[in-house]
Amino acid sequence: MDSRFRPRGLAQWNCHCPGLLIAVLSLAFSQRAAAAATPDFEQEVAPILINHCIECHHRGKASGELNLSIVEGLRRGGDSGPAVNADKPETSPLIVRVDAGEMPPSDKGKEPLSDGDLAILRAWVSAGAEWPKNRELGLHEQAVHVDAARTFWAYQPIRRPPVPHTTLTDRGANPIDAFVGEKLVAADLVPGTLATPRQLLRRAWLDLIGLPPSLKEQDHFLANPTPETYELMVDQLLANRGYGERWARYWLDLVRYADSNGYERDGGKPNVWKYRDYVIQSLNNDKPYDRFVVEQLAGDELPDRSTETVIATGFHALGAWQDEVDPLESPQYRADELDDMLRTTSQTLLAVTIGCARCHNHKFDPISMVDYYSLSAILSPLKRPNIGREDHDLPAGTMAQVQAVRDRDQKIAELSRNRDELRSLNEQEWFESGRSKLPAEVIAALRTAPSKRDPQQVQLAVKHEDDWQAELAAALPEERRHKISEQEQTIQRLRQETPDLPRAYFLFEDTPTPPASYLLLSGRASNPGPMMPPAVPVVLTRTQPNITSTEISTSGRRLAFAHWVVDPANPLTARVIVNRVWQHHFGEGLVATPSDFGKIGARPTHPALLDWLADWFVHDAKWSLKKLHRLIMTSHTYQATSTANATLRERDPENKLLGRFPHRRLDVEAIRDSILAASGKLNPEMYGPAVFLPIPSSVIEAHTDKEASWHTSPEPAIFRRTIYAYVKRTLLVPMLEVLDLCDTTNSTEKRSITSIAPQALTLYNGDFVNQQAAFFADRILGEAGDNAESQIDRAFRLALCRLPSPTEKAALLKFLEDESRGLTSDSPTTARRSALIQVCRVIFNLNEFVYAE
Amino acid sequence: MPHFLPNPMPCGQSRRSFLWDVGGGFAALGLADLLSRDGFFNSSVAADEIAKQPVGGKPLHFPVKAKHCIFLFMNGGPSQIDTFDPKPALGKYDGKTYGGTVKVGSNGRPIGHLMKSPFAFQKYGQSGLEISNLFTNTAQHADDLCVLRAMYTDTAAHSSGCLQMNTGSPLTGRPCLGSWLNYGLGSLNEDLPNFVVMTDPRGGPIGGAPNWGAGYMPATNQGTLFRSKGSPLLDLATPAGVGPRTQRHSLDLLARLNDEHAARHPEQSELAARILSYELAYRMQTSAAEVVDVARETAQTQAMYGLDDPITSEFGSKCLVARRLVEQGVRFIQIYSGGGHIEATWDGHNDCITNHKTHAGETDKPIAALITDLKQRGLWDETLIVWGGEFGRTATSEGVGKPGRDHNWLGFSMWLAGGGVKGGQAIGATDELGFEGVEDRAHVSDLHATILRLMGFDHRRLSYFYNGLDQRLTGVDERHVIEKVLA
């Protein structure tokens with residue numbers, strides 16, 4: 001018997017009169033048979049319709065034109081007429097289709113109804129299919145089986161497993177090697193040998209800094225490449241400021257950083273670059289990851305709020321923004337905007353694809369619509385400081401600082417008003433005295449408000465403004481002059497005492513009690529459901545964060561959420577970031593879907609290692625990313641050769657067991673920056689407003705606003721690292737775009753790596769590479785002199801960190817020779833330089849140049 | 001045929017092991033096709049078998065009615081009332097104040113009086129389809145046109161409207177129709193980009209590059225900007241000062257060094273893919289330049305497209321290039337009429353009459369020529385043409401006393417023609433004044449569903465997994481193929 005089929009009140013009867021139980025049960029059955037018992041709508045009928053029917057039959061999606069979420073839909077029915085027929089219940093399509101097994105449709109993977117459920121429906125239809133007034137069934141009411149779902153690996157608490165013993169003799173000192181080694185041994189595989197010092201050197205540089213090492217650095221390390229000097233080098237690289245410039249980019253991909261808003265005007269986000277600099281600085285300072293997260297989520301709500309923590313909250317403001325929304329559409333747009341913020345936040349920090357629960361419960365993960373809208377309520381109090389279509393920044397500082405500036409401005413406003421009154425009184429008196437030497441029409445023009453002057457008056461005013469002011473100054477009585485000067489000095493003093501605050505780009509809250517949030521049925525703002533207090537997804541916690549409004553007049557929702565995110569008990573945060581760091585070192589994460597730790601996502605290849613690392617990261621490394629990098633980079637797993645032996649290649653072609661270091665193409669930032677480093681043109685300037693890289697005119701021609709859209713920065717600004725390049729959402733720098741730059745509007749967990757002909761065109765024929773090839777050639781000529789062999793050696797060492805092989809060298813020498821001879825129109829010197837430029841162009845295009853091995 | 005790889009077997013491997021190694025990830029490069037033409041396959045049978053199949057792509061759900069799509073995007077929003085949706089009642093109400101309930105105008109712009117169309121409508125062809133005298137040339141093909149008179153979209157802003165027409169969503173950052181077709185259909189010619197966009201010399205569409213972006217799909221699915229004159233593709237030309245001999249020799253040197261490197265890394269199939277991309281690029285230098293070389297066409301053909309007239313030559317040459325691209329197997333070609341803002345596009349806020357005379361004057365003859373030409377060359381049945389903008393325009397003037405029209409997203413016209421389309425009909429209707437669709441309304445996503453259907457796909461099943469969801473061009477809401485369109 002279906003446990004749900006139990007007439008209401010049975011339990012009480014059972015309690016009071018146990019002896020009656022059997023009799024009552026048989027009565028229940030006979031009543032069901034006679035279709036006389038009326039099932040309770042909320043307790044019995046609604047759950048069936050909600051969990052089995054309305055997913056395809058609701059307002060937003062009425063398959064067969066049938067909407068079973070409201071009584072009108074039931075009565076009107078769909079393509080096959082009314083769904084219920086009270087006179088002949090057995091002929092009701094609702095019953096017939098279910099009884100025949102046609103509904104719910106098994107070909108769409110739907111479970112059939114149980115006999116008990118069908119019986120309830122029958123009884124309900126027979127009794128007239130009563131429906132409470134105005135009751136609309138919602139997809140958000142579908143059951144989510146949270147308890148069972150908690151057993152899923154990603155929601156399990158992180159527990160540190162013991163480090164296994166491995167029989168690989170050279171492994172074990174580093175726990176990473178023990179975990180990886182254990183799996184290799186179990187698969188009867190032997191990992192590759194260590195990479196050569198030269199390979200390790202280049203690998204570590206490209207990985208941590210995104211640049212090849214200089215010759216000096218090469219010489220230094222290769223002179224004594226012991227494990228100790230390697231570790232020392234890793235430490236030095238982690239202290240190198242280039243580390244932040246390289247690794248910040250990965251974070252910017254996740255938070256869909258761009259410098260403009262997109263859409264028609266695609267206006268700049270004022271001062272948004274300070275957020276980019278904040279990320280670089282935070283990484284370079286090894287800010288603990290938990291603090292890094294809290295600052296970005298709720299830096300404005302922190303007790304120790306500062307300019308820096310407020311800049312950090314720019315995190316919420318990075319999405320695209322449509323500044324032209326018709327008032328009728330704006331509630332929906334607001335919902336879309338919140339969705340964008342919510343998806344970015346939950347995917348980046350928690351690897352939860354919460355966006356799937358916007359219109360119905362998550363299809364795969366135990367995340368309900370209620371979870372979605374509760375979490376949305378945490379971000380919904382945030383406001384944008386725009387004025388109409390104009391985007392704005394705001395002063396960033398402690399509340400005391402912000403208040404002090406506000407007070408100061410109030411005082412200054414009052415002083416200015418007094419001063420202006422004195423001046424205007426003086427002007428009035430002077431005018432009335434009739435002593436001015438200026439003609440009447442001039443005075444009339446000058447005394448007309450600038451906005452109200454006619455064209456002639458404008459001219460007169462311009463011409464005589466200075467004379468008028470001189471007259472007024474001369475006429476100013478001493479007492480007033482003194483007063484005005486006093487007021488101006490005070491204003492100056494106030495400005496000195498309380499200087500302006502730095503401005504930053506962020507969203508803000510301004511009330512401890514923001515308006516209520518609502519669940520939106522079918523994700524439509526026009527269809528609000530129940531009110532939703534702020535909360536975090538139920539499956540992820542057993543205790544909801546305690547939300548209290550803050551002293552600075554905000555809701556405190558984000559701060560409570562932030563503390564919950566970085567609570568060591570949160571099962572996801574540490575696993576997610578550890579996996580991301582691993583991914584950028586090895587190309588693939590231990591979980592291959594780094595922003596989706598859900599059921600559809602990948603399972604960890606090394607679950608024990610992931611948990612060990614996550615626990616170690618929180619408790620031993622105290623959330624220090626640099627310590628994590630160091631641990632990883634000093635493992636043999638990281639230092640292994642990228643060349644697979646035959647067995648490894650055959651038995652683990654995808655390198656899931658990490659027997660070798662994966663060979664992979666650099667992202668476009670590292671490619672472009674490496675070219676600049678080799679050519680000697682890299683401009684090391686850090687921070688500040690973004691740089692506009694050159695864009696071919698044919699691409700600008702295809703933009704709506706053409707000339708107005710782009711003002712290329714001058715040299716040498718355009719030779720700065722790529723992370724400082726301006727990202728305009730409607731006009732991307734073609735070289736970056738074609739070489740797989742991330743999507744600028746969605747959170748990117750991992751760049752695509754494609755090999756398409758337009759990339760070859762860009763890198764081979766494009767202006768940038770050809771210009772840099774010439775710089776590179778000139779550098780080599782300057783440093784290596786006339787000897788062709790020395791030139792080739794130097795070019796290889798600068799670009800590839802090695803000397804050419806004899807066959808390579810022979811090919812290159814022959815090319816230089818042939819090319820210089822072929823260019824007969826040039827002088828021999830020019831011809832040799834031209835040939836060398838071609839060699840440099842070829843080197844920048846080598847696979848080896850764009851692959852870290 | 002330039003011989004580029006010193007060894008016909010890349011990296012000294014056997015053909016079989018090479019194909020095995022490069023695997024599916026290399027599909028975007030058209031490897032089989034490329035190798036077959038390079039003589040990599042000794043057996044011509046094998047080469048033929050593979051050449052028939054597009055490279056990449058997904059299993060089709062329906063028989064393909066059209067292999068190619070040319071989307072003529074009337075940027076700015078053409079007025080349905082003045083083109084394909086006659087409203088005689090407006091004659092009666094001309095100059096009167098509109099008192100109806102439909103929301104008129106957008107974003108607080110002034111609402112003037114009802115304004116009849118100054119353009120005369122006439123019945124054309126056997127079908128008697130009514131078309132205004134802005135399109136007298138196109139109207140000669142009336143029996144081929146299937147006009148959708150009750151289109152609607154979700155937004156009245158240009159950027160959101162263009163994005164919605166191109167990607168199905170008013171929000172930025174989604175893959176375009178062209179991306180979906182490239183992803184679904186694969187490529188028939190790897191020497192050319194598969195999704196080509198030609199913008200107007202006055203500027204691009206509002207909203208910029210996301211109008212041809214691939215969103216969350218890999219960049220291989222994004223549209224490629226193509227110029228109909230000069231060097232068609234970015235960085236296609238050999239750099240200044242580098243002669244053809246040097247270009248060839250340096251590429252040979254690159255290949256040689258890359259081969260030596262690849263031999264040291266036999267497990268890396270990506271390396272071979274990247275090596276071949278350089279040869280493909282080299283080949284593209286010739287093929288792409290050839291495809292825009294309309295001088296190869298007869299004087300008669302050039303005249304038909306209006307290349308001899310400065311008014312029509314710009315759009316005409318793009319239409320002609322589009323036909324040449326179709327001949328070369330390119331799947332999706334989008335041509336913009338109008339670029340920049342307001343009167344430089346179909347956005348006739350100030351003077352819709354002069355505006356539409358200008359833009360229709362530039363495009364009518366070339367569009368008619370394109371239809372004629374495709375028919376003459378036997379490409380008509382396999383090519384779908386889509387005409388329209390991001391929305392339509394209001395029946396009221398914008399402000400009193402000026403002949404401008406404001407945006408109208410509740411009812412506007414588009415037309416389809418060609419492969420699989422039942423021509424000579426108008427589907428749906430707007431209300432008496434042309435404000436809002438009232439009969440057989442079709443959402444932009446219904447149009448997308450219909451285009452996908454004509455090109456072989458069920459819009460509910462063509463999906464791309466991203467962000468925990470099977471994403472679709474037509475989004476999460478229920479959308480329908482406009483069945484009446486289908487021949």
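**Close-up views of a predicted two-chain model**

**View 1. Residue A:D117 lies in helix α6 of chain A, which spans residues 115-126.** The model is predicted, so that local features need pLDDT of at least 70 and side-chain atom pairs count only at pLDDT 80 or more, whereas totals for chains, interfaces and linings use all residues. Residues are numbered from 1 along each chain as its sequence is written, while chains are lettered from A and ligands numbered from 1 in the order in which they are written. Helices (DSSP runs of H or I, at least four residues) and strands (E, at least two) are numbered from the N terminus. A:D117 counts as buried because it has 21 C-beta neighbours inside 10 Å; a residue is buried if 20 or more other C-beta atoms, placed from the backbone, lie within 10 Å of its own. A:D117 and A:T309 are 192 residues apart in sequence, and their C-alpha atoms are 55 Å apart in space.

**View 2. Helices α14 (residues 289-298) and α22 (residues 557-565) of chain A cross at roughly 160°, their axes coming within 9 Å.** This angle makes α14(A) roughly antiparallel to α22(A), a term for angles over 145 degrees, taken between N-to-C directions on a scale from 0 to 180 degrees, with axes fitted to C-alpha atoms over the stretch in contact. The crossing of α14(A) and α22(A) is right-handed, that is, the near helix is turned clockwise from the far one by less than a right angle. On the α14(A) side, A:V293, A:V294, A:L297 and A:A298 meet residues of α22(A), including A:L559, A:F561 and A:V565; contact requires C-beta atoms, placed from the backbone, within 7 Å.

**View 3. Chain B touches chain A through 71 residues, which are in contact with 72 residues of chain A.** The elements of chain B that give two or more residues to this side are α5 (158-167), β6 (224-225), α7 (244-264) and α8 (269-291). The largest share, twelve residues, comes from α7(B).

**View 4. Helix α5(B) is largely enclosed by the rest of the structure, because ten of its ten residues are buried.** Among the buried residues of α5(B) are B:H158, B:C162, B:L163, B:M165 and B:T167. Just after α5(B), B:G168 takes a positive phi of about 90°.

Note on methods: Parallel < 35°, antiparallel > 145°, perpendicular 65-115°, else oblique. Contact = placed C-beta atoms within 7 Å. Buried ≥ 20, exposed ≤ 12 C-beta atoms within 10 Å, placed from the backbone.
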